[in-house]
Amino acid sequence: MTVKDDRAEFEQARTESIASLGKDKGVFDASVQLILDSDRHRYSYVWSWMGAPIIQRPADIVALQEIVWECKPDIIVETGVARGGSMIFFASLLRMFGKPDGKVIGVDIDIRAHNRDTIEKHPMASSIVLIEGYSTAADIVAQVKSHIPEGASVMVILDSDHSRQHVLNELRAYCGLVTKGQFLVAADTILGFIPPDKAPTYYSKLLAAGDEPLAAVHEFLAENDSFVRDPINDKLIMSSSPDGYLRRTK
Ligand SMILES: C[S@@+](CC[C@H](N)C(=O)[O-])C[C@H]1O[C@@H](n2cnc3c(N)ncnc32)[C@H](O)[C@@H]1O
């Protein structure tokens with residue numbers, strides 16, 4: 001008995017589902033409400049990757065996995081290391097996805113001794129480079145560049161200070177590192193969808209709509225035509241970063 005190969009059909013149906021989900025404002029609004037409700041329990045802080053706390057919601061952990069699988073970068077740069085979970089996550093993906101020499105370069109203004117200890121003792125440690133400093137300082141950006149080999153493909157994730165001006169400065173400082181076809185992700189764009197009176201109070205800063213990453217993304221896209229909003233954003237419900245996934249197209 002021959003079983004019909006329906007892979008193309010499945011992909012087509014999935015593309016249609018994603019596009020219709022992206023247009024469903026009711027689902028998105030319900031997702032924002034669920035994020036607010038679950039945030040009362042600090043939902044984005046409850047997950048780990050390979051034993052290290054990763055401050056991401058599961059939707060982003062899966063979406064980031066998808067873009068790393070698709071793009072297979074040699075280097076992933078992330079601003080915002082915190083407790084190391086996302087560093088370890090990206091390092092494990094690079095190894096699993098056939099990039100044993102791939103590196104994750106993490107920048108954080110404050111790499112606490114216990115967090116450094118977690119990362120440096122982890123089985124993924126040899127794939128991780130840690131740089132301590134203010135992410136947009138010229139010498140820190142230069143240090144990041146010094147770890148990127150000539151000709152390497154590079155993806156960048158921005159997950160540090162989530163104020164509009166800082167994210168805009170990071171987008172400008174790091175966009176040149178992103179190679180064609182790769183992603184530039186600004187995290188926590190969800191803040192741009194939350195009414196100011198409902199913004200969770202435990203974020204590093206209380207950021208009102210307009211002073212948050214989504215506002216920076218819109219300003220950046222208006223001034224830089226090498227990047228576009230990727231369709232992956234259409235399926236980002238229960239995500240910290242809807243509309244934050246940008247792809248370099250030229
Ligand atoms: C949201 S946490 C990062 C979470 C991490 N990416 C994860 O997924 O587990 C934000 C981090 O950004 C760092 N940070 C804040 N402002 C910064 C700046 N100006 N430069 C570099 N790092 C900064 C903080 O110290 C904090 O560790």
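Q: In this predicted model, which residue of β5 stands opposite Asp108?
A: In the predicted model, Asp108 stands opposite Glu132 in β5. The strands β4 and β5 run parallel and are joined by five bridges, and because two strands pair if there are at least two bridges between them, β4 and β5 count as paired.

Q: What makes β5 and β8 the edge strands?
A: Seven strands form an open sheet of mixed pairing, in the order β5-β4-β3-β6-β7-β9-β8. Within that order β5 (128-132) and β8 (227-229) each pair on one side only, and neighbouring strands are turned by 20 degrees against each other on average, direction ignored.

Q: Why is α7 called oblique to α8?
A: Helix α7 (residues 164-174) and helix α8 (residues 213-223) pack at an angle of about 40 degrees, their axes being 8 Å apart. Angles under 35 degrees would count as roughly parallel and those of 65 to 115 as roughly perpendicular, so α7 is oblique to α8. Their crossing is right-handed, and the contact involves Arg164, Val167, Leu168 and Leu171 of α7 together with Pro213, Ala215, Ala216, Glu219 and Phe220 of α8.

How values were computed
Residues are numbered from 1 along each chain as its sequence is written. This is a predicted model: local features need pLDDT of at least 70, side-chain atom pairs count only at pLDDT 80 or more; totals for chains, interfaces and linings use all residues. Axes are lines fitted to C-alpha atoms, for helices over the stretch in contact, and angles run from 0 to 180 degrees between N-to-C directions. Helices (H or I, at least four residues) and strands (E, at least two) are DSSP runs, numbered from the N terminus. Angles under 35 degrees count as roughly parallel, over 145 as roughly antiparallel, 65 to 115 as roughly perpendicular and the rest as oblique. A crossing is left-handed if the near helix is turned anticlockwise from the far one by less than a right angle, and right-handed if clockwise. Two residues are in contact if their C-beta atoms, placed from the backbone, lie within 7 Å.
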